[in-house]
Amino acid sequence: MTTQVSDGTQAIEARKLTKRYDGFVAVDGLELAIEPGEVFGFLGPNGSGKTTTILMWLGLTEPTMGEALVWGHNATREPIQVKRIAGYVPESVGFYEDLSARQNLIYTARLNHIPRRQAEEAIHRAMGYVGLGEVADKKVGQFSRGMRQRLAIADIMVKEPRVVFLDEPTLGLDQEGVNRVMELIQRLSQEQGITVVISSHQLHQVQQVCRRVGIMSRGRMVALGTVEELGQALGTQGLMVDIEVEGWDEALLADLRRVDGVEHVDAAERFITVRCQPQTRPSLARAILDRDCLLVQMRSKDLTLEEIYLRYFTGGEDK
Ligand SMILES: Nc1ncnc2c1ncn2[C@@H]1O[C@H](COP(=O)(O)OP(=O)(O)O)[C@@H](O)[C@H]1O
Ligand SMILES: [Mg+2]
C-alpha cells in the first residue's frame, strides 16, 4: 500500500550525516544502517548528538551535509513519505492534561487525517496493547510518567508505523516503569515487525532489548555492535570490583596487580577498585588474606555506559 521494499533496503540509514550549528559540529559524518525489525540502542552521554540525528531522520531538521534515509526515503527531500511510516516519541511527551487518554489519541489521529471510525478502532486496540485499556477514559493529568510514555507509544501505533524513534523513553521512570516500556518495545519489534531506535544515555536500561548498540560521542559513533561485542572489544567482560580493605598498603596493591586476569588497580581511603576478568575474584580475596589485611567487603559492578565510553575514548587516543 505504501512503499515498495526492494531487497537489501535498510530500514534506517545515515550516510555521512552531518549537522553544524554556527561552526559547532553536533553530528559529524555519521554512517549507520539499521535493518528492518532491528531494535537499535542509540547511546551516548548528553550532548553527543542523538536527538539531532533523530530529528534529521524525521525530516524535522535539515542536515548540513549527507543524508538521513528512512526505508530508502530521503528525509529532507521526501518528508511526507517519511512521516507516513515513522513514529516519533520525543524526549518530553506532551498531552492535553484535561482530556482523557482516548480523546488525546483521537485528536492526534485527526491531525494525521485518519478517518474517525478507523481511528476509534485502532485507538481501542492500541490502548489495550500498551496496557491502558482500563484507563482509556481517565484524564491524562492523572497519569504517571510511565503511563504517559506508554500512551505515547499507543499514540504512534494508531498510524501503524514501520519504524519508531523513541528519544530517551526511560528518562525519569522507576525500574518497573522502565521494564514495562522495554517489554512493550520488544513486543513492537517481535510481534509487529517494527524497526525501533531507542536513544538513551543509560546503557543498562536499554541493553536487554537492543540487538545492537551504537555509542555516540561528540557527534561521532565511537563504537557499534552487540553489547557483548563491545565488551570483548575492550578486552573485558565488563567487571569492576570494589573491595573494602582495612590496612592495605602499596605492597598489597602490587600483589593485586600481579594476579592473573587483573587489568587495573586503584585505591582511595579504605577502598581498592580493581578492573578484571570475572573469574578473578577468589584470587583477589586470597591475595588480600595473604597480606594479613582485613577484607571487609567485595562488590562487583558492571561497567556503566560512561565507563565503557571513557575506555573507548581513551583507547582511541592512545592509538
Ligand atoms: N538548535 C540548536 N542550536 C545550537 N546547538 C544545538 C541545537 N540543538 C542541539 N545543539 C547542540 O548540539 C549538540 C548535540 O545535542 P543533542 O543532539 O541534543 O544531543 P543528545 O540528544 O545526545 O543529548 C549539543 O552540544 C547541543 O547543545
Ligand atoms: Mg537528546
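Which helix contributes the largest share of the shell around ligand 1? In this predicted model, that helix is α1, which spans residues 50-57. Helix α1 supplies three residues of the shell. The residues around the ligand are Tyr21, Ala26, Gly44, Asn46, Gly47, Ser48, Gly49, Lys50, Thr51 and Thr52. Sorted by class, seven of these are polar, two are nonpolar and one is charged.

The fold includes an open sheet of six strands. The strand order is β6-β7-β8-β3-β9-β10, and the pairing is mixed. Strands β6 (86-89) and β10 (220-225) form the edges, each pairing on one side only. On average, neighbouring strands of this sheet are turned by 15° against each other, direction ignored. Strands β6 and β7 run parallel and are joined by four bridges. Tyrosine 88 stands opposite phenylalanine 165, a residue of β7.

Two helices lie across strands of this sheet. Helix α6 lies across β3, β7 and β8. Helix α6 runs at about 155° to β8.

Helix α6 (residues 175-192) also packs against helix α5 (residues 145-157). Two packed helices are described by the angle between their axes and the distance between the axes. For α5 and α6, the angle is about 10° and the axes are 9 Å apart. The two helices are therefore roughly parallel, as angles under 35 degrees count as such. From α5, the contact involves Arg145, Gly146, Gln149, Arg150 and Ile153. From α6, Gly177, Arg180, Val181 and Leu184 take part. By class, this contact has three nonpolar, three polar and three charged residues.

Backbone angles draw attention to two further residues. Glutamate 168 has a phi near 50°, a positive value in a residue other than glycine. Glutamate 168 sits in the loop between β7 (163-167) and α6. Is this residue buried or exposed? Glutamate 168 is buried, because 21 other C-beta atoms lie within 10 Å and the cut-off for burial is 20 or more. Aspartate 292 has a phi near 60°, also a positive value in a residue other than glycine. The place of aspartate 292 is the loop between α10 (281-290) and β14 (294-302). Aspartate 292 is exposed, because 8 other C-beta atoms lie within 10 Å and 12 or fewer count as exposed.

Methods. Residues are numbered from 1 along each chain as its sequence is written. Chains are lettered from A and ligands numbered from 1 in the order in which they are written. This is a predicted model: local features need pLDDT of at least 70, side-chain atom pairs count only at pLDDT 80 or more; totals for chains, interfaces and linings use all residues. A residue is near a molecule or strand if its C-beta atom, placed from the backbone, lies within 6 Å of it. Ala, Val, Leu, Ile, Met, Phe, Trp, Tyr, Cys and Pro count as nonpolar, Asp, Glu, Lys and Arg as charged, and the others, Gly among them, as polar. Axes are lines fitted to C-alpha atoms, for helices over the stretch in contact, and angles run from 0 to 180 degrees between N-to-C directions. Angles under 35 degrees count as roughly parallel, over 145 as roughly antiparallel, 65 to 115 as roughly perpendicular and the rest as oblique. Two residues are in contact if their C-beta atoms, placed from the backbone, lie within 7 Å. Two strands pair if DSSP finds at least two bridges between them.
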